[in-house]
Structures are given as C-alpha cells and as structure tokens.
Amino acid sequence: MANGHTRMFIKQFLTNTSTTGAIAPSSDELAQQMIAFAAPGDNAVIAEFGPGTGVFTNRIIESLRPGQHFFAIEVNDDFAAALLKRFPGLHLHNGCASTVADCCRLEQVDRVDCVISGLPWAIFPDDLQHKILAAMIEVMPPGGTFVTFAYLQGLVMPAGRRFKHNLKQYFSHVENSGVIWKNLPPAIIYRCVK
C-alpha cells in the first residue's frame with residue numbers, strides 16, 4: 001500500500017504543483033508526532049487540512065476518543081477519491097481549506113478546536129496563506145490549536161520565513177518541535193495556539 005501512496009504522490013507532485021508540495025507522503029514518525037503535538041482535548045472538533053493519501057488521517061482516526069468529532073478537507077480530486085476508498089465513512093469535504101466555515105455548517109458544528117494540516121504552505125502565494133489562516137481563525141475558539149509542519153531546508157527560504165511570520169500574525173503562541181529526522185525530507189512541527 002505504501003508504494004501505491006508514493007506513486008500517487010509522485011504523480012500529483014508532477015501534475016498538480018500548485019497543490020502538492022511533496023514528492024512522497026509524510027512518514028509515520030512525523031504523523032505520530034503531529035498528533036501528539038496537537039493533543040486535542042475531550043469533545044474536541046478536529047479538522048484536517050490537506051490529508052493527501054491519509055498518513056495523518058489514519059493516525060487521527062486511531063487516536064479519536066468518544067465525544068471528539070473529526071472531518072477533513074482535501075482540494076485534490078484524486079486524493080479525495082482515494083481517501084474515501086481507504087476510509088469509508090470519513091467526513092471528507094472536497095474543496096479548499098478556506099471553506100472551513102461552510103464545512104462546519106455541513107458538519108453541524110459551531111467551532112474547530114484543533115486543526116492538523118498537511119498543506120504545502122511554503123508553495124502557496126501570500127494571499128492564499130492569509131485566506132486559509134483567516135478562515136481557520138474565524139472558526140477557532142480562544143485556546144484552539146493549529147499544528148502543521150515545514151521541511152527543514154525550507155525554513156531558511158523566503159517562503160518558509162514568510163509563513164512563520166504569518167503564523168505569528170494570527171496566533172498568540174507559536175512553538176516548534178525538534179527536527180523529525182525520520183521523514184523525507186526532515187521536518188519540524190509548528191504548534192500554534194489562538
């Protein structure tokens with residue numbers, strides 16, 4: 001199955017460069033640490049932005065507790081179809097993460113307590129970053145958390161520095177993990193609190 005996910009990622013990376021920012025799926029090690037860093041509380045509403053082939057999705061589903069509500073938003077049609085096949089019953093919305101408020105209405109929830117994101121933020125233009133971050137903040141209560149990752153080599157690039165600057169504009173607290181070396185390429189995790 002992993003080979004199928006990698007092939008799909010390579011295809012999407014080559015054909016959909018504006019929405020796919022990696023040549024391979026995230027590692028299970030990164031997924032485990034993302035969920036641990038997010039630490040959603042009891043009765044939390046959890047949203048995943050950009051699930052791709054479902055590496056984080058799988059870990060989120062495994063960690064769900066009674067009372068928690070989970071849905072995902074994926075803009076790529078091929079990834080969305082594969083996710084629904086892999087996770088029957090997944091609450092999946094095929095569209096841009098900036099439509100999170102509409103997704104909340106469809107899910108019949110009034111907030112999102114925790115967002116776990118696999119979106120390729122560094123390849124997004126500044127206006128799209130702001131559009132998605134503003135939409136997320138709009139549905140997030142005080143104390144809500146946003147967890148995403150960045151590739152180590154991208155942190156020093158202008159796009160990576162711009163994204164970190166944007167995070168500090170929207171969130172009262174931004175911290176990052178140590179380097180997750182068991183990922184291709186190595187990555188760090190951002191944990192942001194509204």
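Here are some friendly notes on this predicted model, moving from the whole chain to a few of its parts.

1. **Overall layout.** The chain holds seven helices and seven strands. Reading from the N terminus, the elements run α-α-β-α-β-α-β-α-β-α-β-α-β-β. Of its 194 residues, 48% count as buried. If you take the contacts between residues at least 6 apart in sequence, 68% of them join residues at least 24 apart.

2. The seven strands form an open sheet with mixed pairing, in the order 3-2-1-4-5-7-6. Strand 3 (92-94) and strand 6 (173-176) stand at the edges with a single partner strand each, so one side of each has no neighbour in the sheet. On average, neighbouring strands are turned by 20 degrees against each other, ignoring direction.

3. Cys114 takes part on both sides: Ile46 stands opposite Cys114, and Thr145 is the bridge partner of Cys114 in strand 5.

4. **Side chains of strand 4.** In a regular strand, side chains alternate between the two faces of the sheet. Here, Cys114 and Ile116 point one way, while Val115 and Ser117 point the other way. Are these residues buried or exposed? All four of them are buried.

5. **On to strand 7.** Strand 5 also pairs with strand 7 (residues 187-193), this time in the antiparallel sense and over seven bridges. Within that pairing, Phe149 has Ile189 as its bridge partner in strand 7.

6. **Helix 6.** Strand 4, helix 6 and strand 5 make a right-handed β-α-β unit. The length of helix 6 (residues 126-139) can be checked: at 1.5 Å a residue, its 14 residues should span 20 Å, and the end C-alpha atoms are 21 Å apart, which agrees. Its buried residues are Gln129, Ile132, Leu133, Ala135, Met136, Ile137 and Val139.

7. **Helix 5 against helix 6.** Two packed helices are described by the angle and the distance between their axes. For helix 5 and helix 6, the axes come within 8 Å and cross at roughly 35 degrees. Which residues of helix 5 and helix 6 make the contact? Val100, Ala101 and Cys104 come from helix 5, and Ala135, Met136 and Val139 from helix 6. By type, the contact residues are six nonpolar, no polar and no charged.

8. **Helices on the sheet.** Helix 4 (residues 77-86) lies across strand 2 (69-74) and strand 3, and runs at about 160 degrees to strand 3. Helix 5 packs on the sheet as well, touching strand 1, strand 2 and strand 3, with its direction at about 140 degrees to that of strand 2.

9. **A look at Ser63.** Ser63 lies in helix 3 (residues 55-63). Its relative accessibility is 33%, so Ser63 counts as partly exposed, the class between the cut-offs of 20% and 50%. Setting aside neighbours within four places in sequence, Ser63 is in contact with Ile35 and Gln68. Ala39 is 24 residues away from Ser63 along the chain, and their C-alpha atoms are separated by 9.7 Å.

Technical notes: Residues are numbered from 1 along each chain as its sequence is written. This is a predicted model: local features need pLDDT of at least 70, side-chain atom pairs count only at pLDDT 80 or more; totals for chains, interfaces and linings use all residues. Side-chain values use heavy atoms; hydrogens and water are left out. Helices (H or I, at least four residues) and strands (E, at least two) are DSSP runs, numbered from the N terminus. The expected span of a helix is 1.5 Å times one less than its number of residues. Buried means under 20% relative accessible area, exposed over 50%, partly exposed in between (1.4 Å probe, protein chains only). Axes are lines fitted to C-alpha atoms, for helices over the stretch in contact, and angles run from 0 to 180 degrees between N-to-C directions. Contact means heavy atoms within 4.5 Å. Ala, Val, Leu, Ile, Met, Phe, Trp, Tyr, Cys and Pro count as nonpolar, Asp, Glu, Lys and Arg as charged, and the others, Gly among them, as polar. Two strands pair if DSSP finds at least two bridges between them. A crossover is right-handed if, with the strands pointing away from the viewer, the path from the first strand over the helix to the second runs clockwise.
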